[in-house]
Structures are given as structure tokens and as C-alpha cells.
Amino acid sequence: MSGGGSGRTGGGGGGEPSPDCGSLIVETTLNSPVPAVVASLKKGDRLTVEIQSGTAGTNSLVAKHGGQIAGSLTPPSLIAILSCIQNGFQYVAVVLNDVTGGVVRVRIQAP
């Protein structure tokens, strides 16, 4: 357990358990969009990505615009993103499309 990269093919850059938080980029759709918040979004807007604690001790990922929740995020790399945020890393969700009909595509990335 005390092996900190003992020189064995050291090109991994950090090991498998902790992802490279700075290079993690993923595109996804905003889930359960809040109509009052989403209505003001436009392509290129940057939303803050935060962890929201649930009632049963579960955490979810949300995107906020102007301090208000715009919707939730469930990208394939959800666990990695949650871990990075819990370790102090920050992400933004950039709106990728003109928002029509409540569908919001975002790219989660470092600020």
C-alpha cells in the first residue's frame, strides 16, 4: 500500500483511481431542466457545476446559472467528476446549443 509509483512504467501520470481532473471533458444533456432558469440560457453561457447533497446521503451533480439550479447532470463520468469536485477541483458546463424546447446540451470542462 505504500507504493507511490515505484518507477514501474511511470508514464501513467497519476494512477487509475484518481482521474486527471484538468483534462476531463464530457458532453451531456441537462436533466430535469428548470424552465424559469433555462429560458434565459443561450449558446456559450457558462454554468457552474456543483455537488448537491441528497436526503439519503447521496450526492448529485447540478448546473447553476445566476445561483439558481438550471438542472441536473448525469454524464458517464459522473463518479470521476464528483470525486474531482470533492477534492477541490472546479468545473463549468458550457451551453452548446441554442436553447429551444428545453433541451440543453452542455460540455463539462475545467473553467
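The legends below describe close-up views of a predicted model.

Residues are numbered from 1 along each chain as its sequence is written, and side-chain values use heavy atoms, with hydrogens and water left out. Because the model is predicted, local features need pLDDT of at least 70 and side-chain atom pairs count only at pLDDT 80 or more, while totals for chains, interfaces and linings use all residues.

**Figure 1. Overview of the chain, with two helices and six strands.** Helices (H or I, at least four residues) and strands (E, at least two) are DSSP runs, numbered from the N terminus. The elements follow the order β-α-β-β-β-α-β-β from the N terminus on. Of the 111 residues, 29% count as buried; buried means under 20% relative accessible area, exposed over 50%, and partly exposed in between (1.4 Å probe, protein chains only). Among contacts (heavy atoms within 4.5 Å) between residues at least 6 apart in sequence, 58% join residues at least 24 apart.

**Figure 2. The open sheet of six strands.** The strand order is β1-β6-β5-β2-β3-β4, with antiparallel pairing; two strands pair if DSSP finds at least two bridges between them. β1 and β4 stand at the edges with a single partner strand each, so one side of each has no neighbour in the sheet. From one strand to the next, the twist averages 40°. Helix α2 packs on the sheet and touches β1, β2, β3, β4, β5 and β6, its direction making about 75° with that of β3. Axes are lines fitted to C-alpha atoms, for helices over the stretch in contact, and angles run from 0 to 180 degrees between N-to-C directions.

**Figure 3. Strand β2 and its partners β3 and β5.** Six bridges join β2 and β3 in the antiparallel sense. Glu 50 has Val 62 in β3 as its bridge partner, and Thr 48 stands opposite Lys 64 in β3. The hairpin of β2 and β3 has five residues between the strands, and Gly 57 in this hairpin takes a positive phi near 80°. The antiparallel pairing of β2 with β5 extends over four bridges, and Ala 93 in β5 is the bridge partner of Leu 47.

Figure 4. Glu 27 has Arg 107 in β6 as its bridge partner. Val 26 and Thr 28 lie on the covered face of β1, whereas Glu 27 and Thr 29 lie on the uncovered one.

**Figure 5. The largest nonpolar core, with 23 residues.** A nonpolar core is a set of buried Ala, Val, Leu, Ile, Met, Phe, Trp, Tyr and Cys residues joined through side-chain atoms within 4.5 Å. Leu 73, Ile 81 and Tyr 91 touch the most other members. At least two residues each come from α1 (35-38), β2 (46-53), β3 (59-65), β4 (68-73), α2, β5 (91-95) and β6 (105-109). α2 supplies the largest share, four residues.

**Figure 6. The disulfide of Cys 21 and Cys 84.** The sulfur atoms of this pair are 2.0 Å apart; a disulfide is a pair of cysteine sulfur atoms within 2.5 Å. The torsion about the S-S bond is about -85°, so the disulfide is left-handed. The pair links distant parts of the chain, 63 residues apart: Cys 21 lies in the segment before β1 (26-29), and Cys 84 in helix α2 (residues 78-86). Both Cys 21 and Cys 84 are buried.
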